Amino acid sequence: MEKNKIETGLSSDAKKEPRRVVFVTKKTSAKVVGERGPQLMTFPHLLIREAIAFQVLVIAMVIVALVWDAPLERLANPLLTPNPAKAPWYFLGLQELLHFFPPFVAGILIPTLVVVALIFIPYFNVNIEGRALWAYHPAQHLRTILIVALMLLALLAGFHAWTIFVPTALLATLLVISYTGRQARKGWLGSLGSKPLSWWIMTWFIAVAVCLTAVGTFFRGPGWSWVWPWGTYAG
Amino acid sequence: MASCFQSALHNLRETKVWKSVFRRGPANTNRTRSLAIFGNLFLHWMPVKVREKSLRVRASYYLGSISFILFIVLFVTGILLMFYYHPAAPNAYRDMKDLQFVVANGVFLRNLHRLAAHLMVFAVFWHMFHVFYRGGYKPPHEFNWVVGVVLLLLTLFLSYTGYLLPWDQLAFWAVTVGTNIISAMPFIGHKVRFLLLGGNIVGENALLRFYVLHVVILPLAAFVLIGIHFWRVQKDGGLTVKPKDEDGKE
C-alpha cells in the first residue's frame, strides 16, 4: 500500500518556541496536596451513595409533604397590613437588625459587608495552616480581642441590640475560657483551645445570625414587640 | 431469582443495542468503570476515581449533593406547578385554590415544592459553613468558594421570588417588607426597587417579574453556576481531606 504523500504541517512548519512546563510561584507550599490515600472508582462507589442519598431524601420529603400543608392565607390585599408583617424566615435576621439600626446600615451596609467578606475569605491568605489563636503571644492576642469585644459589646448595648449582644457576650466568654484552658490537650477544652481566629470569627457570625433569625421568627409579635412563642396574642 | 435477574442484566449489557447506547459493555473492569464516567455526557465532569476518605459521611455530610438533589426536586415539581399557574393577579391566587380543591394531588405538589425550597436554603447555608470549617475554601479552591457564595445568593433570590407567587397575604407582605429595604440604598434605591417591581408597589407587574425571574432567569443562572461548581471540584483536586481524617476520626 502506498504511503500517504501529503505532509502535515506539524513537522515542517512547527515554530520552535520554548514551552512552559511548570510555573512556580512564590507561594506554592499551600497548594501541595498531601498523600492522596486509597482511591475508589467513582462508578459504582460514589454513584451508589448519591443514588441512596437521592432516594432517602425524596422518600422523607414525600412523607413530610403528605402530612404538612403549605400555608395559604387570604388573597393579597394592599389595604390590609398584617401586624407584624414578616419576611421569609431567612430574611428575618435582617428584619430583626432593622429593628435596632437605621435602614441603610441594617438593610444595605451590613448585608453587603457580609457578602463581600464571604467572597474574600479565600483571598486573605492569612494563617493558611490554621494555627491556633493561642499558639503565639497568647496574652497579647487575648488583650487585643478583649478590647475589640468590649468595644463591640458597648456599641451593641448603646443600640439596645440585645439579640446580637447576647451571642457576642457568650462567644467572648467561651474565648476567655479557651484561653484559660489552652494548655489542655484533650476534650472539648483542648479542641476549643486549638481553634484559629478564623474559626472564632465564623462561629461568632453564625451564632449572631442564628440568634437574630430565631428571635425574628419566634419571638416577635405586633409592632415587633417581644412575645413568647407559646403565648397567644390577638394579631 | 436474584442470580437469574443478574444474569439477565448481564446478558442485556452484552447486547449490541446496550453497547450502542452506552458505548460500553458491562462495567466489570476498572477500564469500563472509567468509561462509564467519561463516556457519559451527564457524568463526564466527575473524576474517575475518588479518594476513599472523601466518600466518608463526615467529609461532606453529602450537603452539596443534597443541595443539588433538592434543586432537581424543585425543578421537577416547579415545572409541574407551572402547568397550573397564571402569573396574574388575582388569577394566581385562584390557581392556589385550584391546586387545593380541583387538581389531583395539587396540595401535595405544592407542599413538596415549598418543603424542598426551604430545605434547599437550609442545606446550602449548612454546606457553606461546613466547607468553611473543613478549610475547603483554601487554595486551590478559592474560586469555587466564590462560585458557591454566588450560588447561595441565587438560592436566596430563587426562594424569595417564589415566595410572592401564591399571591396571598403572606406572600404580598413578605415581599413588600423585603423590597422596602432596597429603598434604603443610597441614590439608586428607589430606582432599583422600581426596576424589580415594575412599579412603586407590589402589584401585577411585580408578580410577572418575580415569576420570570423565578422560572427562567434565576434557574438558568443557577444551572450554569452549578455546572461550573461541580466541574471545579474535580479540576481543583477533589474534596478537601484533612490530615486529621487519617485515623478515621476528627
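The model is a predicted one, and the predictor scores the complex with an ipTM of 0.89 and a pTM of 0.88. Chain B comes out with a mean pLDDT of 90, and 96% of its residues get to 70 or more. Within chain B, helix 6 (residues 63-82) has the highest confidence, at 96, while helix 1 (residues 2-14) has the lowest, at a mean of 85. Then there is the stretch at residues 246-250 of chain B, where pLDDT stays under 50 and the model has two contacts beyond four places in sequence.

Turning to the contact between the chains, chain A puts in 60 residues and chain B 67. On the chain B side, the elements that each supply at least two residues include strand 1 (49-51), helix 3 (30-38), helix 6 and helix 9 (142-164). Helix 8 of chain B gives the largest share of that side, with 11 residues. By residue type, the side of chain B that touches chain A splits into 46 nonpolar, 11 polar and 10 charged. Leu40(A), for one, has Val50(B) as its bridge partner.

The number of buried residues in helix 5 of chain A is zero, so the helix lies largely in the open. Just after helix 5 of chain A, His160(A) adopts a positive phi of about 55 degrees.

Methods. Residues are numbered from 1 along each chain as its sequence is written. Chains are lettered from A and ligands numbered from 1 in the order in which they are written. This is a predicted model: local features need pLDDT of at least 70, side-chain atom pairs count only at pLDDT 80 or more; totals for chains, interfaces and linings use all residues. A residue is buried if 20 or more other C-beta atoms lie within 10 Å of its own, exposed if 12 or fewer, and partly exposed in between; C-beta atoms are placed from the backbone. Helices (H or I, at least four residues) and strands (E, at least two) are DSSP runs, numbered from the N terminus. pLDDT is the predictor's confidence in each residue, from 0 to 100. Two residues are in contact if their C-beta atoms, placed from the backbone, lie within 7 Å. Ala, Val, Leu, Ile, Met, Phe, Trp, Tyr, Cys and Pro count as nonpolar, Asp, Glu, Lys and Arg as charged, and the others, Gly among them, as polar. Two strands pair if DSSP finds at least two bridges between them.
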